[in-house]
Amino acid sequence: MRIHHLNLGSMREIDSLDGRPAARAVCHALLIETPASGLVLVEAGLGTDDVTRPGELLEREWTELVEPVLVPAETAVRQVAALGHDPADVRHIVLTHLDVDHSGGLPDFPGAQVHVMEAELAAAMAEAPSRRYRPGHWAHGPRWVTYPGTGTTWLGVEGVRPLAGLPEEILYVPLDGHTRGHAGVAVNDGDRWLLHAGDAYFYHGELLREPASHPLMDIVQLDSQVDAERRVSSQEHLRSLAHDHGVAVFSAHDPWELSDYLR
């Protein structure tokens, strides 16, 4: 499998706490080329509807808070094409959750199967429209594939499971707390496991043995969590995966993590 790291939506500029230059927050996503399952997109980011009609698709308070740049070239459909692929070949989209900045690109891939945790889809359907969940992102009727929060134990994390129709090198990893059905996506690149942790944490300092949070990003994190205890537990699992098992963990919005993969 070939794995591409993408930014599907730049947002407001934030300062680093470890001497690195300030940078805009990102929507870190993966495009995975598989031998038998076509193209697999992990996260959908912000889509063309969000860019062209933000006042209609996005909630005003959210846009004022995160200051999305809304550049057409950053949408997944444009980036897939720029890599020389037909966007119609994106057969699967795996979401960590259905927040606005993770699901906005779904309408750009109407034929794709969309993988999401059962609890997450239920929460989105019950709460939308809200700042968090925007029904315009699934008004086209996605081909949902849902999963319960049960499975096997993987490197000490319970409830992990393979995804229907995808290679065994791609796993769903429950990481509750940020939302009701939040999950990470683990991908084996042939040498090691990568883990897209979504919004289970926001700043790379939180993965340290002695965690260091980011003042600005922590405001967003604490404001958006639905279960503080489970969020903290999920972060403990992530630190163990990173330090005890050699898993390359990264979050959805940390720009410095993404830059390390794009070197």
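This dialogue reads a few features of one predicted model.

Student: What should I keep in mind about the model and its numbering?

Tutor: Residues are numbered from 1 along each chain as its sequence is written, and side-chain values use heavy atoms, with hydrogens and water left out. The model is predicted, so local features need pLDDT of at least 70 and side-chain atom pairs count only at pLDDT 80 or more, whereas totals for chains, interfaces and linings use all residues.

Student: Which residues have a positive phi?

Tutor: Most residues other than glycine have a negative phi, and most peptide bonds are trans. Here, Glu 43 has a phi near 85°, and Leu 155 has one near 50°. Glu 43, at 3% relative accessibility, counts as buried, while Leu 155, at 31%, counts as partly exposed; buried means under 20% relative accessible area, exposed over 50%, and partly exposed in between, with a 1.4 Å probe and protein chains only.

Student: Which residues does the cis peptide bond join?

Tutor: Ala 128 and Pro 129 are joined by a cis peptide bond, with omega about 0°.

Student: What does Arg 134 have around it?

Tutor: Contact means heavy atoms within 4.5 Å. Leaving aside neighbours within four places in sequence, Arg 134 is in contact with residues including Glu 56, Val 100 and Pro 129. Arg 134 is buried and has no salt bridge, the nearest side chain of opposite charge being Glu 59, 6.0 Å away; a salt bridge needs a side-chain nitrogen of Lys or Arg within 4 Å of a carboxyl oxygen of Asp or Glu, and Lys and Arg count as positive, Asp and Glu as negative, with His and the chain ends not counted. The side chain of Arg 134 reaches the backbone oxygen of Ser 130 at 2.9 Å.

How values were computed
Polar contact = N/O pair within 3.5 Å; in protein donor to acceptor, adjacent residues only side chain to side chain.
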